[in-house]
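Subject: Structure for your review

Dear colleague,

Please find below the structure that I am handing over to you. A summary of the findings follows it.

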Amino acid sequence: MDPTSSQPGSLATLTDAALVKRVAERQPDALAELYDRFAPLLLALARRILGNHADAEEVLQEVFVQVWNRGERYDPARSSVSTWLVLIGRSRAIDRLRSRRVVERTREAVTEVAPAAGALHTSPEALENVWIQERRERVRRELAALPPEQRQVLEMAFYGGLTQSEIAGKAGLPLGTVKTRTLLAMKKLRQALREEVRQLL
């Protein structure tokens, strides 16, 4: 392989399909370049479906985690990279929308049943507080279990309020490395929290 082929300057000249091929070969800088090209489009799509910026950002992360893990499944004969990514983003956003509705319906059902069962203290606010506390505790445990390099970037983002570019500067890391570590860490946390949601429901 050409030793300069993964440099940012050369990546910027590659076609979208060539970038996906590099991602399938586990090149983090290629993932970062693909992210820069398509993140605004996919974020706008997810926000339109979900009506919530925070949820849309999580969907965006999910899309690129899937690209990182399954980039070899992309078939240029079937669709363009942009169409492929939009389909993934739409599917992820709809899944999240359905999950949100299930949680809302469950909360409503519990609220309706609670007074009849004599649990008058179970208000919507109390249920929400329990939900939030459970998630915080689980996130703290899962953060502690992450590899140190992945935990570092998440803690700098969540607790320090830093952007990925700021994290790269403070940690002395390439931006592509920060993005990849964030994506991989978020995937692990999301898998753990998905199991938590099933338990709570």
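The notes below go from the overall fold to individual helices, residues and ring pairs.

Please bear in mind that this is a predicted model. The protein contains 9 helices and 0 strands, and its elements accordingly read α-α-α-α-α-α-α-α-α from the N terminus on. Of its 201 residues, 36% count as buried. The protein exposes about 11,500 Å², and carbon and sulfur atoms supply 53% of that area. Among contacts between residues at least 6 apart in sequence, 60% join residues at least 24 apart.

Helix α7 spans residues 148-158, and its buried residues are Gln150, Val153, Leu154 and Met156. Viewed down the axis of α7, these buried residues fall within an arc of 160 degrees, so they line one face of the helix. As background, an α-helix has 3.6 residues a turn, so residues three or four places apart point the same way.

Two individual residues may be of interest to you. Thr180 belongs to helix α9, residues 175-200. Its relative accessibility is 7%, and Thr180 therefore counts as buried, the cut-off being under 20%. Setting aside residues up to four places away in sequence, Thr180 touches Pro28, Leu31 and Trp68.

Arg90 is part of helix α5, residues 81-116. With a relative accessible area of 47%, Arg90 is partly exposed. Apart from neighbours within four places in sequence, Arg90 is in contact with Leu45 and Ile49. Arg90 also lies 8.5 Å from Leu42, C-alpha to C-alpha, although 48 residues separate the two in sequence.

Finally, the aromatic side chains: how many aromatic pairs does the count come to? The count comes to 2 aromatic pairs. In one of them, the ring centres of Tyr35 and Phe64 are 5.0 Å apart and the planes stand at 50 degrees, so the pair is tilted. Tyr35 lies in helix α3 (residues 28-50) and Phe64 in helix α4 (residues 53-70), so this pair ties together parts that are 29 residues apart in sequence. Both Tyr35 and Phe64 are buried.

The rings of Tyr74 and Trp84 likewise have their centres 5.0 Å apart, with their planes at 45 degrees, so that pair is tilted. Tyr74 sits in the loop between α4 and α5, while Trp84 is in helix α5, 10 residues apart. Tyr74 and Trp84 are both buried.

Yours sincerely

Terms used
Residues are numbered from 1 along each chain as its sequence is written. This is a predicted model: local features need pLDDT of at least 70, side-chain atom pairs count only at pLDDT 80 or more; totals for chains, interfaces and linings use all residues. Side-chain values use heavy atoms; hydrogens and water are left out. Helices (H or I, at least four residues) and strands (E, at least two) are DSSP runs, numbered from the N terminus. Buried means under 20% relative accessible area, exposed over 50%, partly exposed in between (1.4 Å probe, protein chains only). Contact means heavy atoms within 4.5 Å. Accessible areas come from the Shrake-Rupley method with a 1.4 Å probe; for residues, only the protein chains shown count as cover. The arc is that of the directions from the helix axis to the C-beta atoms. Rings of Phe, Tyr and Trp (its six-membered ring) pair if their centres lie within 6.5 Å; planes under 30 degrees apart count as stacked, over 60 as edge-to-face and the rest as tilted.
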